[in-house]
Every structure is written in C-alpha cells, then in structure tokens.
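Trainee: Could you walk me through how to read burial, strand pairing and packing in a model like this one?

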Amino acid sequence: MLDLLTADDVLSHVMMLADTNELLYLLVEGDTDCSVIDPHLDIAACDTIPSGGKTVVLGAIRMAREEGFSRLAAVVDLDWVGILYPKVEDNEVFVTDHYDIDATVFFREQNTLRVAGSFSNRAQLRSYVANSNCPTLHEAVKQIALPVGLLRFTSEKHRLQLNMRDFPISVILDHDANEIDVDRLIDIAIKRSGKGDDCKEEIARLYREEGEQMTNPVRYLSGHDLLTALAAVLHKKCGSKASIDAISRAVRGAYGCSDAGESPLFSSISEWGASQQREILTCL
C-alpha cells in the first residue's frame, strides 16, 4: 500500500494527526526504518511515519515547507548521494549513515556477529570463517554482496533498467559461499528484467569499467544485499534454518542505545528535536 501513496497523501495524513496533538513527526521511507528508529524515540514527543519511498518523502517535506508546517522532518536513504546524485540541501532531511537503514545496522559489526552466532552451529560457523578467504564473517558477507551492489549501481548510472530488487543471492553463490558468479549474476539480472541476451556483452563491459573506477566499496553495499548474503552463508555453511526475514529482524533489533549514540543519523535527529525545544531520543 505504501507504494501507492503520493506526497500529498502523506502530508494530508500528517496534518490530520498534527491537529490532534503536539508531536513532532519523522517521515521515513518504509516500515524497516521505523523498526530501527522507534525504539530510541520518546513517543510522547515524536513519532515516525512510513511514507513509501524517497521521492514521496522529499515531496511531502517540500510541501510542508510551503505550508509553513515546521513539526516535520525526514530520514531518507543515503544510497547514491554524493556519487550519482547531489546532497539534499535541507537541514531537516537526514540521511542514513550507510546506503540504507539495514546497511546502517549491519555495519555495527559486533551486533551482526552476535546475531549470526545465535542462528548458527558454532563449530560450522568457525569452520566457515577459517576456510574462507576473508578474516571475518563480516568481511566475507561484504565480499559476497559487493558484486550485486556494483551491478545495481551500473544499472542506475547507465539507465539499464535492470531489475535488481530482492536479488536472489543464494543462487549465484559458489559452493564454498565465498564468491559470487558474476556471469550468472548478469544473466539472472537480464532475465529478471525481460531483456534479451544481446545486451549482455555491453552490460558486462560497463560493470567491469565501474568496478575499475570504484574507490569506496562500502558505498555500494545495500542493506538488503548484505542481510540476504548473511542469511545465505548461514544457511549454506553454518547450519542455520532461519529465514532472511528472521535474520534481518534480529539484526535490526540488536541495534541498541550505544549504537544510536555513535550514529551521525541519530545525532542529527536529536539536534532537530533540540531546535524544536524537545528531547526526542531516549538514548542521547
């Protein structure tokens, strides 16, 4: 249903709510953002509202400014800001610390490792890390997710219109769960997008070129890819039977007050609350 909302729909909803209370409101792109932010909010002072994507969120914020409504701010995904797109110049629009909210929670490494341990067979998990070509589970998962993120970036930059949403990482992961089969990655992306094989050579060329120019791999890692890769590794090599959804929920739930206290995103939210004479976070 969120996908059907317009900016006008969202702002109308906020304005109706605002007529009944004195709360501040944070627009976010989806429910997963709420699940990470809400535990750290004082709900007597501020609430989150999932709003169906960045374009809708930014449109609603712009309309709110035109209406003179000041009790509204927004959290949006960092995604390709600073790489493909300029930063949003609005002091009340805050971006996630990493690509999106799930990447932000994944990069609290100790939390992710604790969750992985709780879903895994201890001996199998240790064996996997010892036999992988990475020093830690966290690094191994990043290595797996990176090619998918790079192809997503290539598609966005060159307007290839590849369907990279909810990409099935497990089917392109090698037997040892160390590396992605890039050729198969491109094949599946083409098929999911309803394109013919005649475009494969060009897509592969652009993918290689973008990989050669990449300077900061972390910026290419989406939360969905990271958590999907984590679930695939745990299932294939570490004895886990947990679903991607269960593991993702656990990683989000592990994001605690100490994590929020070190987060630029949460610092920005707190500063906005202070500018409105409110303490809206319970952790800072």
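Predicted model: local features only at pLDDT ≥ 70, side-chain atom pairs only at ≥ 80, totals over all residues.

Mentor: Gladly. Residues are numbered from 1 along each chain as its sequence is written, and side-chain values use heavy atoms, with hydrogens and water left out.

Trainee: Which strand is Leu26 found in, and which faces of that strand are covered?

Mentor: In a regular strand the side chains alternate between the two faces of the sheet. Leu26 belongs to strand β1 (strands are DSSP runs of E with at least two residues, helices runs of H or I with at least four, numbered from the N terminus). Leu24, Leu26 and Val28 lie on one side and Tyr25 and Leu27 on the other, and all are buried, so both faces of β1 are covered.

Trainee: Which strands does β1 pair with?

Mentor: Two strands pair if DSSP finds at least two bridges between them. Five bridges join β1 to the parallel strand β2 (residues 46–50), with Asp47 as the bridge partner of Tyr25. Three bridges link β1 to β3 (residues 72–76), also parallel, and there Leu26 stands opposite Ala73.

Trainee: What does Leu26 touch beyond its sequence neighbours?

Mentor: Contact means heavy atoms within 4.5 Å. Leaving aside neighbours within four places in sequence, the contacts of Leu26 include Ile37, Asp47, Ala73, Phe94 and Trp272.

Trainee: Which residues have the most contacts inside the largest nonpolar core?

Mentor: A nonpolar core is a set of buried Ala, Val, Leu, Ile, Met, Phe, Trp, Tyr and Cys residues joined through side-chain atoms within 4.5 Å. The largest has 75 residues, and Leu26, Leu137, Leu151 and Leu230 have the most contacts inside it. Its largest share, 10 residues, comes from helix α7 (residues 137–158). A second, separate core of 19 residues includes Val10, Leu23, Leu27 and Val93.

Trainee: Where is the kink in α7?

Mentor: The bend at a residue is the angle between axes fitted to the seven residues ending there and the seven starting there. In α7 a kink of about 30° lies at Ala145, shortly before Pro147. Of the 22 residues of α7, 17 are buried, so this helix is largely enclosed by the rest of the structure.

Methods:
Buried < 20%, exposed > 50% of the residue type's maximum accessible area, 1.4 Å probe, protein only.
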